[in-house]
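Reader: Hi! Could you walk me through a structure I'm about to look at? I'd like to talk about pockets and charged pairs.

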Amino acid sequence: MGKIACANVLSDAYSNGVTDIDNMLMILSSSRKLTSEENDVCMRLIIKGFNDLAKEAGTEVTGGQTVKNDDMLLGGVAMSYTNNYIEPYGALPGDVLILTKPIGTQVSVNVNQWFDLKQPFAEKVKPHLSQEDVTTAYLKSMYYMSSLNLTAAKLMHEFNAHAATDITGFGLLGHAQNLATSQRLSVNLEIHTLPAIQHMLKVDSLVNNMFKLKDGFSAETSGGLLIALPSASANQFIQRFKELTGNDSWIVGRVLEGERKAYIVDSPTLVEV
């Protein structure tokens, strides 16, 4: 949880091409629902995870705030004084959209909990997914959520990115809509491909589209960057990203002349990751 929170905080900076973080603050509340011993264990591990990933990002945690709350809360602040950034307003017609992490983290975390706690929704899923399928998806989500978007932010400069956003609580389409609205030019962002954690699109369909994953509105935590860059650079970006991280990234859409709107095409290409 500490690593995921740290990665999530840093992604706001990375989506603007900011790669050098001066310092971070951590915000953490212990839970009144846990015993003092449980809080001691959980807090210590969360703080360690947050600090470890901050070090991996080349920065350090210099302070923060710790309080008590009914539920555990976790967040932070990343600070950087720099002129080396990319404003998120410059998408051009002809650009392509690249996504650097798959969607589906909310679905995978929930279905894992359904199986673990033997909740009613699990009965709808069990005929179609095994426990191994669910665990694999969950662990894959943990990996992606705790991975930094730092490499993608560096490559934004190398391949002349024009705009970007991180994908978090509003989902892929929600954040694409926010990005489209902020563009200097009247453009549309068309999404034609949905890379999703394996089986999670199926899970969502089994529970009547509860998460709206295929619609682009399933919340993500510490998701990837959605980057608009010249089409001529796209394949080189994807290849270089793979070389540096070992992970895939995908061309998921394109920038067209339009009315500052974002949308998913009627029959998007679905890619299981």
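Predicted model: local features only at pLDDT ≥ 70, side-chain atom pairs only at ≥ 80, totals over all residues.

Reader: Great. How much space lies in the largest pocket?

Author: About 410 Å³. The lining has 14 residues, and Met1, Ile4, Val109, Met142 and Met145 are the ones nearest the centre.

Reader: Which elements give two or more residues to that lining?

Author: Those are α1 (2–14), α3 (105–116) and α5 (131–145). Of the elements, α3 gives the most, with five residues.

Reader: And how does the lining of the largest pocket split by class?

Author: There are nine nonpolar and five polar residues, with no charged ones.

Reader: Okay, what about the second largest pocket?

Author: That one holds about 230 Å³ of space. Its lining has 15 residues, and nearest the centre are Tyr143, Ser147, Leu148, Thr245 and Asn247. By class, the lining of the second largest pocket has six nonpolar, seven polar and two charged residues.

Reader: Which element gives the most there?

Author: Helix α9 does, with three residues. Helices α5 and α6 (150–158) each supply at least two as well.

Reader: Changing topic: where is Asn188, and is Asn188 buried or exposed?

Author: Asn188 is in strand β6, residues 187–196. Asn188 counts as buried because its relative accessible area is 13%, and the cut-off for buried is under 20%.

Reader: What does the Asn188 side chain reach?

Author: It reaches the backbone nitrogen of Arg260 at 3.3 Å. The backbone nitrogen of Lys261 is also there, 3.0 Å from a polar atom of the Asn188 side chain. Among the residues Asn188 touches are Val255, Leu256, Gly258 and Tyr263.

Reader: Nice. On to charges: how many salt bridges are there?

Author: The count comes to nine. One of them joins Asp71 and Lys33, with the closest N and O atoms 2.8 Å apart. This pair links distant parts of the chain, 38 residues apart: Asp71 is in the loop between β2 (61–69) and β3 (73–79), and Lys33 is in the loop between β1 (23–31) and α2 (36–56).

Reader: Are Asp71 and Lys33 exposed or buried?

Author: Asp71 is partly exposed at 39% relative accessible area, while Lys33 is exposed at 59%.

Reader: What about the salt bridge of Glu243?

Author: Glu243 pairs with Arg240, the closest N and O atoms being 3.2 Å apart. Both lie in helix α9, three residues apart, about one turn of the helix.

Definitions and conventions
Residues numbered from 1 in each chain as written. Heavy atoms only, no water. 1 Å grid on protein atoms, 1.4 Å probe; cavity = no way out; pocket = protein on both sides within 12 Å on 5 of 7 lines; lining within 4 Å. Points joined across faces, edges and corners; volume = space filled by probe spheres on them. Helix = DSSP H or I, 4+ residues; strand = E, 2+ residues; numbered from the N terminus. Nonpolar A, V, L, I, M, F, W, Y, C, P; charged D, E, K, R; others polar. Buried < 20%, exposed > 50% of the residue type's maximum accessible area, 1.4 Å probe, protein only. Polar contact = N/O pair within 3.5 Å; in protein donor to acceptor, adjacent residues only side chain to side chain. Contact = heavy atoms within 4.5 Å. Salt bridge = Lys/Arg side-chain N within 4 Å of Asp/Glu carboxyl O. Lists of a residue's contacts leave out its neighbours within four places in sequence.
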